[in-house]
Structures are given as C-alpha cells and as structure tokens.
Amino acid sequence: MSSRENPSGICKDIPNLISSFVDTFVDYSVSGIFLPQDPSPQNEILQTRFDKPERLVAVGDLHGDLDKSREAFKIAGLIDSSDRWTGGSTMVVQVGDVLDRGGEELKILYFLEKLKREAERAGGKVLTMNGNHEIMNIEGDFRYVTKKGLEEFQVWADWYCLGNKMKTLCSGLDKPKDPYEGIPMSFPRMRADCFDGIRARVAALRPEGPIAKRFLTKNQTVAVVGDSVFVHGGLLAEHIEYGLERINEEVRGWINGLKGGRYAPVYCRGGNSVVWLRKFSEEMAHKCDCAALEHALSTIPGVKRMIMGHTIQDAGINGVCNDKAIRIDVGMSKGCADGLPEVLEIRRDSGVRILTSNPLYKENPYSHLAPDSKTGLGLLVPVPKQVEVKA
C-alpha cells in the first residue's frame, strides 16, 4: 500500500499488532494451535530450584510422537480430549528428547508451550528440559532425524518466510532477519532431496534460530523440585560442584546465541555429560554406580532421588540404588520401542507411584508397583512384552 493510499500511516501506528497477527497466522498454519497469551514476563530468569508441590508428574522422552505424548498426559489426568489443561495446580517435568526419531517434533513443542501457558493460569506449572537430542540438533547433528522430521521443518520454514514477507509489506515494522543467512545452499555427500529439509532444520534450531530461541531457551538442563533432582542423563558430583544454576544459565545463553558458538558447553558433551550419562540408567541394577549416585545426591541439600530419562527401560519405569535413581524413559515413541506410555507421580501426602496405560492393570490403573517398596520400583512383578494401546 502506498503512502498516498494510506495517508494516516495506519501500519506505522500499529506495528506490534500487525506482527502479532502474522505470528499467530504462521503458528496456526504450522501447528494447528492458537497459543493463548503468555502470562510469563519477557526475559524471565529461569528458576533451577522449586518447592515440593502437592502433586508432581514426570514425563519421559517423547521423540516426535504426538499421539503418545498426548496419551502420557491423559493417563496423568493433565489434559482432556481437546488437549486443554485439566491438571489444576499439578507441576509437570518433561525430561527432554522431544526431538528426533519422529515426524511431529514441532507439533509437540507447540503442544507443550500451550500447556505451559494454560497451566500457569490455573496455578500449575510445566517444566521442559534439554535432552541429548536437543543439544545435538542445536549443534547441527541430525543423525537421528527422520524424513518426516525434515518435511515438518521445511513446512515450518515455508510459512515462517511467508510471514516475514508479510511483515515487510508494512513500513512500520523492521525488516525481519533472514533465517537462512549463512547457511550453504547444498551439503557435500548428502542426497539432493534432503537439502531443503536440512537447511530448514539448521535455520530453525541453530543457536539463535527462531525455534531454538522461542522454545528451547525455556528448557532447564537440570532442575531441583522438592526432594527430587531432574536431569536427562545424570549428574555427577563434579557437575553439582560447577553449579546447577550456572549450567542452566550457560546452556540458555548458548542456545540464545550469546556465547559458545556452534557447540554446547563441555558438560553437555561426551559420555559423562549431564545429557549423555548412563551410570545410573543401565537396566541391570548391578551395573549402576550407586556410590557415585550417593556422592552426587549428598551434595544437593534436601534431595533424596534423581529422576532421569535417556535410556529406554523395557520393563517400564523403575528404580535402582534403593530407589534413589528413578528411570522414566519407557521408549514410548513409535520411533523408539513403541512402548506403553507411563508417567511417574509424586504426591506430597502419598509418595511415589507409576501411572500406566498397560491394560493388565486396568483394575488399578494408577500403579502396578507398591509405592513403598523397599526392593526397588519395577522389580516386584514381571511385566509382559508391551503392545500399543490407545488411551
């Protein structure tokens, strides 16, 4: 529209409204979700430590499977059939690995963001965490990306770039940054039909990329909730000595593109890092390093258990080292083990139990384990081979 046709400069007077409309249009086109207004203040400082809530629910790795993600939240009574938050004041911790192995990664990010906002208004809270697959994707390591995953990001990029073009039509808005700036047009030794999807994924998820900055900077890398510490892989005493708040701040700064370049901080890389460690998640209990676990827990005042994902537990959620290590990755995604969704519940008045969709436990759907067991979670009854069940 020319200045002659628009003498009052309407666009110039309402640039934020125009930009918000375009962003909403793009969001809905990509996810099918209208995000409610975010009640959190901008540039909010992420907490690392939280008081113990009346009800705490821990959800394991989701890996691009939106249906299984919904099922996990439904068995905990957190959402209704329309995906609206029904968890009241419940606090939820999702321990990372939303990305890779499936084709609905962006849809899950939007799904979780919607629940964060709805929960906040209802007095609840949804915390999301960085897993090793979030770190890998921000670094540009796409070894576990699926074809559908590339296609989903390509669709996002098309809509996002269209939204940027719409914004440039208004003289009152700054010219948006090109998300593809600095990204090669092709990649050596890569199939030509993957170029567009790879470029879109790099653009979205690299440090300061639009998706990384919008969604992943809100993730914790470690969180203490009451007497439980949450981390994707595991914590060693050296990580705790370095500083839990410091880890969260530095990883968030790296994702925001403020420091660190392409690669994550050293404590997020390698077998002993906080997102890759498996010392406490080996399925055979005797292989777990309970001494290292005890040492780590003893350095966090008031904490008596570590809750982690990362390593698939074929028998379902379980605990080792006298239930001081609880492992909640049940491989629910179809891109992993296609396991039955299970989540961990911790109530202030009744302790720890497992909520499961396993049909063998329909008469007692909340748990097939004794919550006060001294022999370890998941070690009381044999669990048969898992099959897919719709919630």
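Start with the one cavity of 30 Å³ or more that this structure holds. A cavity here is a set of points on a 1 Å grid over the protein atoms alone where a 1.4 Å probe fits but cannot get out; its volume is the space filled by probe spheres set on the points, which are joined across faces, edges and corners. You're looking at a predicted model, where local features need pLDDT of at least 70, side-chain atom pairs count only at 80 or more, and totals for chains, interfaces and linings use all residues. Numbering runs from 1 along each chain as its sequence is written, and side-chain values use heavy atoms, leaving out hydrogens and water.

Select Leu-109, Leu-112, Thr-128, Phe-215 and Asn-219: of the 14 lining residues (an atom within 4 Å of a point), these lie nearest the centre of the largest cavity. About 100 Å³ of space is in there. Now colour helix H4 (residues 105-122), which gives the largest share of that lining, five residues. Helices are DSSP runs of H or I, at least four residues, numbered from the N terminus.

A pocket is an open set with protein on both sides within 12 Å along at least five of seven lines.

Last stop: Phe-21, in helix H2 (residues 15-31). Phe-21 counts as exposed because its relative accessible area is 56%, and exposed means over 50% (1.4 Å probe, protein chains only).

Technical notes: Helix = DSSP H or I, 4+ residues; strand = E, 2+ residues; numbered from the N terminus. Buried < 20%, exposed > 50% of the residue type's maximum accessible area, 1.4 Å probe, protein only.
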